[in-house]
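Here is a short report on one protein chain. Please keep the sequence and the coordinates in view while reading.

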Amino acid sequence: MTSQIKTVVLLGLLTGLLMLLGGAMGGRVGLMIAFVLAMVMNVGSYWYSDKLVLSMYKARELSRGDAPHIHAVVEELAANAGIPKPKVYLVPQDQPNAFATGRNPENAVVAVTSGIVRILDPEELRGVIAHEIGHIVNRDILIQTIAAVLGGAIVFLANMLQWTAIFGIGGSDDDEGANPIAAIAMAILAPIAATLIQMAISRSREYLADETGAKLSSKPKSLASALGKLSNAAAQVPMKGSPATENMFIVSPFSGGKQMANLFSTHPPVEERIRRLNQMAGGR
């Protein structure tokens with residue numbers, strides 16, 4: 001519940017930041033243009049996100065005959081969650097990792113790398129799959145898309161505000177001579193703030209997926225153990241792909257063993273995730 005409330009608050013902050021920039025631009029028209037452009041770009045990405053990312057990572061669908069154990073686990077956990085069984089894909093990469101994608105539970109995909117199948121025991125893999133089904137149940141692809149729409153609109157408006165401040169045009173509807181220095185400062189700081197908020201939303205959803213996954217699998221310690229193994233391996237085995245997809249994976253695939261400062265990370269610290277999961281296990 002705490003993660004859900006935090007997400008709502010952060011989305012509210014993004015919306016407030018967007019409205020603040022729109023007011024500084026003087027312009028409800030500019031605000032609407034920015035929002036519509038961001039909506040078109042990000043909703044298109046949301047609708048085709050599964051095809052785009054699966055193609056990017058050369059993933060192939062696994063039949064039940066290819067991986068009967070994985071299919072059985074996905075089917076069991078999906079039933080526990082009350083959603084249709086997601087499709088199962090294999091990503092041909094040595095780094096052990098996993099992600100979920102798809103615009104809704106009816107069009108969901110759980111993807112695992114070939115590396116994760118090799119290093120995790122069956123219960124740990126079950127915990128990871130439960131985490132990914134947690135993302136599907138919690139509609140995280142939709143939430144991240146909403147955040148991206150708002151963030152994209154903020155960046156667009158900030159760029160417009162910067163140029164209008166430089167050339168001395170625009171300003172809010174009731175403004176008599178806007179301060180160009182303040183406008184430029186807002187144009188620089190607003191996108192940074194929007195990025196930090198989006199990353200905070202991503203971290204909040206990871207905590208929630210851990211919690212949901214632990215409940216679905218009934219074994220928080222198995223997920224905790226898996227996270228420790230995956231984090232250590234991700235630091236040693238490179239992932240070939242786009243950093244833009246970093247937030248999709250269960251552990252950060254591009255950290256190279258050097259975690260960024262928490263504010264600038266799409267993932268919470270693995271140590272804290274493990275601590276929370278062990279705390280859940282201790283409370284059972």
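## Nonpolar cores

Leaving aside neighbours within four places in sequence, I70 is in contact with V88, V112, V117, L125 and I129. Contact here means heavy atoms within 4.5 Å. The model is predicted: local features need pLDDT of at least 70, side-chain atom pairs count only at pLDDT 80 or more, and totals for chains, interfaces and linings use all residues. Residues are numbered from 1 along each chain as its sequence is written, and side-chain values use heavy atoms, with hydrogens and water left out.

The largest nonpolar core has 35 residues. A nonpolar core is a set of buried Ala, Val, Leu, Ile, Met, Phe, Trp, Tyr and Cys residues joined through side-chain atoms within 4.5 Å. Buried means under 20% relative accessible area, exposed over 50%, and partly exposed in between (1.4 Å probe, protein chains only). Which members touch the most other members of the core? They are I70, I116, V128, I129, I133 and I250. Two or more residues each come from helix 4 (68-81), strand 2 (87-91), strand 3 (98-101), strand 4 (109-113), helix 6, helix 8, helix 9 (220-234) and helix 10 (270-282). Helices (H or I, at least four residues) and strands (E, at least two) are DSSP runs, numbered from the N terminus.

E124 sits in helix 6 (residues 122-137). Is E124 buried or exposed? E124 counts as buried, because its relative accessibility is 5%. Neighbours within four places in sequence aside, E124 is in contact with I119, S222, S225, A226 and K229.

M199 belongs to helix 8 (residues 180-217). M199 has a relative accessible area of 18%, so M199 is buried. M199 and S265 are 66 residues apart along the chain. Their C-alpha atoms are separated by 6.3 Å.

## A nonpolar surface patch

I5, V9 and L13 make a nonpolar surface patch of about 280 Å². Patches are made of residues with over 30% relative accessible area and no salt bridge; like charges are joined within 9 Å, nonpolar side chains (Val, Leu, Ile, Met, Phe, Trp, Tyr) within 5 Å. Accessible areas come from the Shrake-Rupley method with a 1.4 Å probe; for residues, only the protein chains shown count as cover. V9 is found in helix 1 (residues 2-25). V9 is partly exposed, at 48% relative accessible area.

## Salt bridges

The whole structure holds 13 salt bridges. Each is a side-chain nitrogen of Lys or Arg within 4 Å of a carboxyl oxygen of Asp or Glu. E75 and R64 form one of them, at 3.5 Å from N to O. This pair links distant parts of the chain. E75 is in helix 4, and R64 is in the loop between strand 1 (60-61) and helix 4, eleven residues apart. E75 is partly exposed at 38% relative accessibility. R64 is partly exposed too, with a relative accessible area of 41%.

Helix 10 holds both E272 and R275, three residues apart, about one turn of the helix. Their closest N and O atoms are 2.8 Å apart in a salt bridge. E272 also meets R276 in a salt bridge (3.0 Å, N to O). R276 and E272 are four residues apart in helix 10, so about one helical turn separates them. R275 is partly exposed at 42% relative accessible area, and R276 is partly exposed at 34% relative accessibility. Elsewhere, E76, E123, R126 and K219 are linked in a network of salt bridges.
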